[in-house]
Amino acid sequence: MYKILIVEDDSTITAVLKRTLEKWGYEAETISDFGRVGEEFIRCSPDLVLLDISLPFFDGYYWCQEFRKTSQVPIIFISSASDDMNLVMAVNMGADDFLSKPFKLEVVLAKIQALLRRTYTFGTRRDVLRAGDVILSLNDAVLSYHDCRLELTKNEFRILSILMEKRGTVVSRDEMIRNLWENESFIDDNTLTVNMTRLRKKLEEIGLKDFIETKKGLGYLLSDRPE
């Protein structure tokens, strides 16, 4: 499920967009405090941003530049000002597409779907894995959960990467060992247990108790609803 952040101060437009996106299977988040857009962007870690130009405090051009300092997430500007100058400005600031108000919802959906396909299907690896509110950055091996950030060791990162990529599927101990230590001629089964125990303890310290479930005789499975 792709997560889309809607940065729009018109509550009516925001509600319509959110309802439509969720109807089509997307996860949609909105901004309530426009003085904290940057913080909300980092917390949300969206797969795509719908960004209005006219906003309280700082305009969409400013936030687009801020987002581009740390992320290449797809950005679609939405604005009632549809002249060529605004379109050129949007592209120069790093936007990927532009929507003029008033817009048709089918056009919004078409642009979103096309941009997501171009960004995440054709050979471009996503830079995060997500399980509910748990976000794993593939760039710096950092796990985020609400306001907590957890730096992971190489093996901890690999364990979580495997489990999050195969979320909803039990991963056997043998498969985990092969993925973690494929170049080793022999690994004691206890090595995986030690690494898993250490990782679970770190996860519990940030509020993720029982995030990794043990299926006796089968392997490991991520919790559907991390608490």
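Here are a few worked exercises on the structure above.

Keep in mind that this is a predicted model, where local features need pLDDT of at least 70, side-chain atom pairs count only at pLDDT 80 or more, and totals for chains, interfaces and linings use all residues. Residues are numbered from 1 along each chain as its sequence is written, and side-chain values use heavy atoms, with hydrogens and water left out.

**Exercise 1. Check the span of helix H5 (residues 105-120), then work out which residues it buries.**

Step 1: Helices (H or I, at least four residues) and strands (E, at least two) are DSSP runs, numbered from the N terminus. The expected span of a helix is 1.5 Å times one less than its number of residues. With 16 residues, H5 should span 22 Å, and its end C-alpha atoms are 22 Å apart, so that agrees.

Step 2: Buried means under 20% relative accessible area, with exposed over 50% and partly exposed in between (1.4 Å probe, protein chains only). In H5 that gives Val108, Leu109, Ile112, Leu115, Leu116, Thr119 and Tyr120.

Step 3: Look down the axis, taking the arc from the directions between the helix axis and the C-beta atoms. The buried residues of H5 fall within an arc of 140°, so they line one face of the helix.

**Exercise 2. Find the largest nonpolar core and what H5 gives to it.**

Step 1: A nonpolar core is a set of buried Ala, Val, Leu, Ile, Met, Phe, Trp, Tyr and Cys residues joined through side-chain atoms within 4.5 Å. The largest has 37 residues, and Val7, Leu51 and Ile112 are among those with the most contacts inside it.

Step 2: H5 supplies the largest share of this core, 6 residues.

Step 3: Contact means heavy atoms within 4.5 Å. Setting aside neighbours within four places in sequence, Ile112 is in contact with Ile4, Leu21, Tyr26, Leu48, Leu50 and Ile76.
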